Amino acid sequence: MKRKILLYLSLIIALGACYPGDIEYYEDTDVVYTDYEEEFDFVSLGTFSMPDKIVKIEGDLLEGEEPEFVKEPYNTQMLTRIEENMSDLGWTRVEDPAEADLVLFPATWTNTTVYYYYDYWCWYYYYYCGWGWGYPSYSTYTTGTLLMTLVADGDDYIDPLHVWTGALNGLLAGSYNSTRVNNGIDQAFEQSPYLKTN
């Protein structure tokens, strides 16, 4: 299952690198991806647990850095929207993960892509670039991703089973846009009707 999660992450990063050139609004870049374990029985379950903070995947935690979390009020806004969607599908949130049928782990990260290039004349007369005829230029864009993963207990809590993944990705504007994030969260659950319980 770890390979599937890496595949999801690779797909989201790849999607972030393939935005079309004629984009008028940031929301035109938003992508929602979901996947699930087809043989898993969601219908017979009904409770889930979720942390009260969304971790930001950045830095190097293996070298002892403390984890960072999404700041308020955005943290609570996203968690509330996730819980509302789970509730609409028949799920009840419980505080203790040990008493929940599933645990939902949310996480976010950002990725900045930098393009370096020379102008047309430098490419055409490549011999002269070393003499100052070509002018290198660069451009950047930053994408943000929210990843939601539902996990079920595996054998003796040793091998957890990832049963659903929802990922939202899009270009970041200068400020947090709750409408875009809420729409993305709603879309992830809307395209996952198999999560509905009795």
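Tutor: By class, the lining of the second largest pocket has nine nonpolar, two polar and one charged residues. Here Ala, Val, Leu, Ile, Met, Phe, Trp, Tyr, Cys and Pro count as nonpolar, Asp, Glu, Lys and Arg as charged, and the others, Gly among them, as polar. The model is predicted: local features need pLDDT of at least 70 and side-chain atom pairs count only at pLDDT 80 or more, while totals for chains, interfaces and linings use all residues. Residues are numbered from 1 along each chain as its sequence is written, and side-chain values use heavy atoms, with hydrogens and water left out.

The lining comprises 12 residues, and Val55, Phe105, Pro106, Ala107 and Thr149 lie nearest the centre of the pocket. Two or more lining residues come from each of strand 6 (102–118) and strand 7 (136–152). Strand 6 gives the largest share, three residues. The space in this pocket is about 270 Å³. A pocket is an open set of points, on a 1 Å grid over the protein atoms alone, where a 1.4 Å probe fits, with protein on both sides within 12 Å along at least five of seven lines; a lining residue has an atom within 4 Å of a point. Points are joined across faces, edges and corners, and the volume is the space filled by probe spheres set on them. Helices (H or I, at least four residues) and strands (E, at least two) are DSSP runs, numbered from the N terminus.

Strand 6 also holds threonine 108. Why does threonine 108 count as buried? Its relative accessible area is 12%, and buried means under 20%, exposed over 50%, and partly exposed in between, with a 1.4 Å probe and protein chains only. Leaving aside neighbours within four places in sequence, threonine 108 is in contact (heavy atoms within 4.5 Å) with Ile54, Val55, Lys56, Ile57, Val70, Thr145 and Leu146.

Of its 26 residues, Leu104, Met148 and Phe189 touch the most other members. Helix 2, strand 6, strand 7, strand 8 (161–171) and helix 4 (178–190) each give two or more residues to this core. Beyond four places in sequence, the contacts of leucine 104 include Met148 and Phe189, along with Ile82 and Met86.

Aspartate 52 sits in the loop between strand 2 (47–49) and strand 3 (55–56). Aspartate 52 counts as exposed because its relative accessibility is 57%. Not counting residues up to four places away in sequence, aspartate 52 touches Asn75, Leu79 and Arg93. The C-alpha atoms of aspartate 52 and leucine 79 are separated by 7.4 Å, although these residues are 27 apart along the chain.

The peptide bond from glutamate 72 to proline 73 is cis, with omega near 5°. Most peptide bonds are trans. Within helix 2 lies glutamine 77, which is partly exposed at a relative accessible area of 33%. From glutamine 77 to valine 181, the C-alpha distance is 9.3 Å, across 104 residues in sequence.

As for the whole protein, there are four helices and eight strands. Of its 198 residues, 33% count as buried. Among contacts between residues at least 6 apart in sequence, 75% join residues at least 24 apart.

Terms used:
A nonpolar core is a set of buried Ala, Val, Leu, Ile, Met, Phe, Trp, Tyr and Cys residues joined through side-chain atoms within 4.5 Å.
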